[in-house]
Amino acid sequence: MSRPIILGIVGDSAAGKTTLTRGIAQVLGPENVTIICTDDYHKYDRKQRAEIGITALHPDCNYLDIMQQHLSLLRTGQPILKPVYSHKTGTFEAPVYIKPNKFVIIEGLLGYSTRTARDCYDVKVYLAPPESLRASWKVKRDTQKRGYTEEQVLAELEKREPDSEQFIRPQRQWSDIVVSFYPPSDDINNTNGHLNVRLVLRPTIPHPDFTKILDFCDNTVSAIRLGLDRDMGKPVDVLEVDGHATLEQVNKLEHLICSDMPYLKNVCNREVNPELGKVAGTTGETIQSYPLAITQLLTTYHILKATQIYQ
Ligand SMILES: Nc1ncnc2c1ncn2[C@@H]1O[C@H](COP(=O)(O)OP(=O)(O)OP(=O)(O)O)[C@@H](O)[C@H]1O
Ligand SMILES: O=C(CO)[C@H](O)[C@H](O)COP(=O)(O)O
């Protein structure tokens, strides 16, 4: 059976969904990827939301039924007429006709909030940076790109907190991989551009055999660590990659991910692909790091595995 492979990327506002989506699309080849942002399924525009006193995070503020219908259609390779919400103006624009490519990435706030929606994905990622980092990302992005002042963004974050807690964070439990970029120290302004990543790997999909890491890393002090933990009560593996890991360490880890994937082997080769782990953030800056590269590769690994079954 041939059908598009669907990747979900869910998380709170400014958690880095669009940024990661772009990085993965780069690895897969942008011409092969259809990207859908579920903000387009908002029920009310910015002015109406303010008048009603509802936040964009509330399920009642979104046409989740239509989002679900569209997900099901995309999964079977059928086209949709997608609504369009503009963050620039805070209003809706004319809908667009979309025929899915080989890979579809659905990124947004409430993508895992219903059972029917969840059943449509092949791979589910949840982004969970520490809240202080997310807030700083949101202030920067919304003041530079969405016409807000810093005070407005901070007030909005406070207003949204109950909905984040009730509707957004619980979706973490449905993900196959939880991705948390985090600063090496508590000072989020002093990262030297080097964020670490913590990848929570649930046994809901078969991950590459990372136990070989233990052969080449001293797990307590190394910049790459593998461990066991619990996430939302369930046992998980945890892979951590520090921003200051060396190329040699990262190459070994990448080899574990890419060795049985001919397509990924080329992607991993930094001579052939110097852009690995590099992405343009949504405020125009260039972000490049080993933790981002590993996150992109692991996610792509799972998309390609799904391809072997369904395409
Ligand atoms: N991995 C990362 N490393 C460094 N900075 C990042 C990373 N991911 C995101 N950012 C920063 O955070 C900002 C917000 O990220 P992004 O726009 O991708 O979030 P989002 O989850 O798509 O937000 P929204 O749902 O509100 O549209 C970016 O403009 C970028 O500056
Ligand atoms: O949480 C968000 C996800 O991007 C946005 O704030 C939401 O989509 C509403 O958009 P805007 O703030 O541009 O009115």
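Residues are numbered from 1 along each chain as its sequence is written, while chains are lettered from A and ligands numbered from 1 in the order in which they are written. Because the model is predicted, local features need pLDDT of at least 70 and side-chain atom pairs count only at pLDDT 80 or more, whereas totals for chains, interfaces and linings use all residues.

UniProt, in an unreviewed entry, places the feature "domain: Phosphoribulokinase/uridine kinase" at residues 6-183. UniProt positions follow the numbering used here, feature names are shortened, and annotations may be inferred rather than shown by experiment. The span 6-183 is 39% helix and 24% strand. Its end C-alpha atoms lie 30 Å apart. Helices (H or I, at least four residues) and strands (E, at least two) are DSSP runs, numbered from the N terminus.

Ligand 1 is surrounded by 19 residues. A residue counts as near a molecule or strand if its C-beta atom, placed from the backbone, lies within 6 Å of it. The closest to ligand 1 are G16, K17, T18, T19 and W137. Helices α1 and α5 (131-145) are the elements that each give two or more residues to this shell. By class, the shell has 7 nonpolar, 8 polar and 4 charged residues. Here Ala, Val, Leu, Ile, Met, Phe, Trp, Tyr, Cys and Pro count as nonpolar, Asp, Glu, Lys and Arg as charged, and the others, Gly among them, as polar.

Around ligand 2 stand S13, D39, R46, A56, H87, G90, L109 and R146. This shell holds 2 nonpolar, 3 polar and 3 charged residues.

Two packed helices are described by the angle between their axes and the distance between the axes. Axes are lines fitted to C-alpha atoms, for helices over the stretch in contact, and angles run from 0 to 180 degrees between N-to-C directions. Angles under 35 degrees count as roughly parallel, over 145 as roughly antiparallel, 65 to 115 as roughly perpendicular and the rest as oblique.

Helix α10 (residues 290-310) takes part in two of the pairs described here. Its axis and that of α1 (residues 17-28) come within 9 Å and cross at roughly 60 degrees. Therefore α1 is oblique to α10. In their contact (C-beta atoms, placed from the backbone, within 7 Å), L20, G23, I24, V27 and L28 of α1 meet L292, T295, Q296, T299, T300 and I303 of α10. This contact has 6 nonpolar, 5 polar and no charged residues.

Helix α8 (residues 247-258) packs with α10 at about 10 degrees, the axes 10 Å apart. That makes α8 roughly parallel to α10. V250, L253, E254, I257 and C258 in α8 meet Y290, I294, L297, L298 and Y301 in α10. Here 9 residues are nonpolar, none polar and 1 charged.

The axes of α5 and α6 (residues 150-168) come within 9 Å and cross at roughly 135 degrees. The two helices are therefore oblique to each other.

Definitions and conventions
Two residues are in contact if their C-beta atoms, placed from the backbone, lie within 7 Å.
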